[in-house]
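Dear colleague,

I am handing over the structure we spoke about, with the sequence alongside.

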Amino acid sequence: MSKELRTLWETINSGGYKQAHAKISKELKKHPDNAYYLSVSSYVYLKQNKTDQALELARKVADSGPTNGHVLNLLVQIFIELDLIDECNSMFEAANRKAPSNVEIVDLWFETMVEAGHVKGLQKASMVQQKVSGKRDSSLRAVFHMYLAYSIGSESEKKLFPMLAARILEKLKPYQNVQEVYVQALALKMQDVDKLIEYLQSDEVTQFGSLDLSLMLVDTLREHEKFRQLYDVCVKELETSDENWVHWNNMNLAAKELGLFEQTHAIIKKATVTRNSALAAIELYSLEEKYDAMLEALKEYFKVFGSKRCCIEDLTRFISMEGFSDRRQTWVDWLESVFDEPQKSDIATATWKVNVERFKFMVTVDVSDSTVDRNIRLYQSYVHLLKDKDPKDYHTADDFLLIAASALLKKEKTEYKLEKAAVLLEVASRSDQHQFYVRLWLIRIYMILGAFTKAQVHYKELSIKMLQQETLSYMLGTRLSSIYPNEKFLSENDDIYDQSEEFPQYIKFGYNKGAYTQIEGFMDLHRKFKLSLNRKLLDIERIKSERLMSDKANSQSMEKDINDRLEDNRDFISMWNSGLTTAPKLSDTITIGPIQGSEWAKTQQLREKIIRRLINGEVDELKQLHQQMRDTLTSASDEFTSEEKWSIDFMDTLVQHSLKKEAKASYDALEAQLDSLPLSTPEHLTWEWLHRAFTVLETYSVVSGYLIRLKTSKTQVKSNISAGEHLRTVIQQKTKLIKAQALEIKDSRNKRCQKIVDILSPWAEERKISSSIVEDVIDSICASQDKSLTTLRNVSL
């Protein structure tokens, strides 16, 4: 790189974009069609968030068919940033046509498509790579990517890919390892199912003893309803090993289709009694719909595995079956009859009793005080087990308190039931540091009580790593901007997604090692993170938090095209629940408002796009965005709280105003809407009051910011300045009233706290729970709520 170019890039990297443009313009005057400087100019425009200019220049260069590696690298960065992967792929196709033997271009093309997770692009790049290099590994890659692209290919491609794959693989025989055999199997999946099944049972495949290929055989037979073969394959596998539930399960399903119940029962009875064989007996009776026999099989399972934690997970689906409903009480009665049967150890006995209690609660849904009190006593009777417990081991008796807390939370009218449940679960968490399920429920309860900082303490104790941040950060992040605007937490989570950019390196490593059985899984993980709904939701919360706390919301990320293929990776399953699979989960009924989906995110993204265009936006585009926002809100209105709907409705009036900026009536319409969402002082402070207050203030901030920009743009945009100033004054007055209300609630903390303590302390002491725990829990909840109220009073408008 020349000295002049080094200086130019130093200027760009230090943020001197104007100076950079000046230097670039000087060079372009000499050489107007210089692809490199045009690309650099486009890159600088992108850095300045001038996406239209950046894209115009990038397309101009791409259309010229560049083959220079530096130019292609720059254009790749621009197209990827703007989420225009198809254009990036087309650019490489054009470059390859100009320089078909250029290995550098082909390698960059392949690596770019890996990073973008673009299946079509990978298929095209790998085919070219195979032609250029002719190496064995590139041939395998080409076949592998034809398989991945097969399902989304055109009709002509679906005819072409199997033939091409067969031709390429024929030259590689004999295969050298199990990974190459796996690629051959994938190729046969595109061709002929019968040939695939025959191949998967051949010595060439079975010699490797590959679990991946064994499961591929089972899945293929089941998918194509070849039940006789499926049955025989599973029986044969079980003769050598009964460790894989897949074979038991598929043997039973095939037996049902073939009517081989008697023969299959004989196989199960002959097998050694294991968890899988015992479950297989239950499942087979359920498929026969012989529920009396299934009940007896459930009892036999419980006698052997009732002291194991897997018991609940294994049996719940069978007990939930509609055909078994008349026998559930008989099941519970039997469990009660064996409740006191001694087990091999105190831990085993505790687990046995926990399982009995969980099944009883599951079936009877008895939320009476006797259920709560009995489970508290049972927990206390096993506290001694904590003395010798490894800190990382699960203390099974904690489930007694989870049952008791669930019973409290299920009660319809119980004063301070959230706080009572929190006290019980804090007893468990303080004695058992690594209690995952208890802490998840405490996080949920504290968030509902509007106590973010208290919830955050438990979240940090979970020591959640990168993948779990994607699946569980919603526990704290859901509607966070309207409970406790916290830019730090939201930015920390964004760092996790920056780290996820390393996934392509793992994929490339897989290619280098030829680990084809693993690559598809890594690609799927990469795709899920790239299209993460959770990331989008947290980004929206970040923007709203910035708008509230600094009035400098960076909403540039909302300018990207709206993606209708967002992946919801949030984990709604790990929350501890004890109910039939047919009943609503407690964790799905006690939430921070309705569960937000991709339509919620889409509506909010459109809202941000509209906010950015209210003053200087094109009228037609503004109307189009507004209509899209209304349509998405209508299609998923059950994802929104009433406050969020109010905020979206406010945008209707704001859009109408932006089209009639001079009319006094449009300002009056905005003022009238300010009072349409009343905010009364709550008797019991929870997230709902905070949500309403913060949502109102965030909406006020949008209106106020819009009015300020109107005033500062008065030379370019005509508006009614005096009406705007009046409206801003009204907003400021109403904001002061909300802050005064927050101060009033904050000042009543001691009174609120003492009232709850006075009610909960006698209740706790009757159950041998120290009143000091009650005082500590309630005081910390109120202190955390105070922080939210203080944050609200610090909102900047």
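The domain bounds used here come from an automatic or database domain assignment. Please also keep in mind throughout that this is a predicted model. For this chain, the assignment gives domain 1 as residues 1-133 and domain 2 as residues 666-796, and the C-alpha centres of domain 1 and domain 2 lie 49 Å apart.

Thr686 sits in the loop that runs between helix 38 (664-674) and helix 39 (687-712), and with a relative accessible area of 11% it is buried, because buried means under 20%. Once residues up to four places away in sequence are set aside, Thr686 touches Ile448, Leu449 and Gly450. Ser796, by contrast, belongs to the segment after helix 42 (771-793), and its relative accessible area of 30% makes it partly exposed. Leaving out neighbours within four places in sequence, Ser796 is in contact with Arg547, Leu548, Met549 and Asp551. Ser796 and Leu697 are separated by 99 residues in sequence, while their C-alpha atoms are 9.2 Å apart in space.

A search of the whole structure finds six cavities of 30 Å³ or more, and the largest cavity holds about 170 Å³ of space. It is lined by 16 residues, of which Arg444, Tyr474, Thr478, Phe572 and Thr591 are the closest to its centre. Helix 29 (474-477) and helix 34 (586-589) each contribute at least two residues to the lining of the largest cavity, and by class that lining is made up of seven nonpolar, five polar and four charged residues.

The second largest cavity holds about 110 Å³ of space. Among the 13 residues that line it, those closest to the centre are Ser481, Ser482, Lys544, His691 and Thr695. Two or more lining residues come from each of helix 33 (533-549), helix 37 (642-659) and helix 39, with helix 39 giving the largest share, four residues. By class, the lining of the second largest cavity divides into three nonpolar, five polar and five charged residues.

Finally, the aromatic side chains, for which the count comes to 23 aromatic pairs. In one of these, the ring centres of Phe302 and Phe359 lie 6.4 Å apart and the planes meet at 65°, so the pair is edge-to-face, the cut-off for that class being over 60 degrees. This pair links distant parts of the chain, since Phe302 is in helix 19 (residues 291-305) and Phe359 is in helix 22 (residues 346-364), 57 residues apart. Phe302 is buried, at 0% relative accessibility, and Phe359 is likewise buried, with a relative accessible area of 0%. Phe436 and Tyr437 form another edge-to-face pair, with 5.7 Å from centre to centre and 80° between the planes. Here Phe436 counts as partly exposed at 22% relative accessibility, and Tyr437 is partly exposed as well, with a relative accessible area of 29%. Returning to Phe302 and Phe359, these two residues form one aromatic cluster together with Trp331, Trp334 and Trp352.

With best wishes

Conventions: Residues numbered from 1 in each chain as written. Predicted model: local features only at pLDDT ≥ 70, side-chain atom pairs only at ≥ 80, totals over all residues. Heavy atoms only, no water. Buried < 20%, exposed > 50% of the residue type's maximum accessible area, 1.4 Å probe, protein only. Contact = heavy atoms within 4.5 Å. 1 Å grid on protein atoms, 1.4 Å probe; cavity = no way out; pocket = protein on both sides within 12 Å on 5 of 7 lines; lining within 4 Å. Points joined across faces, edges and corners; volume = space filled by probe spheres on them. Nonpolar A, V, L, I, M, F, W, Y, C, P; charged D, E, K, R; others polar. Phe/Tyr/Trp six-rings, centres within 6.5 Å; stacked < 30°, edge-to-face > 60°.
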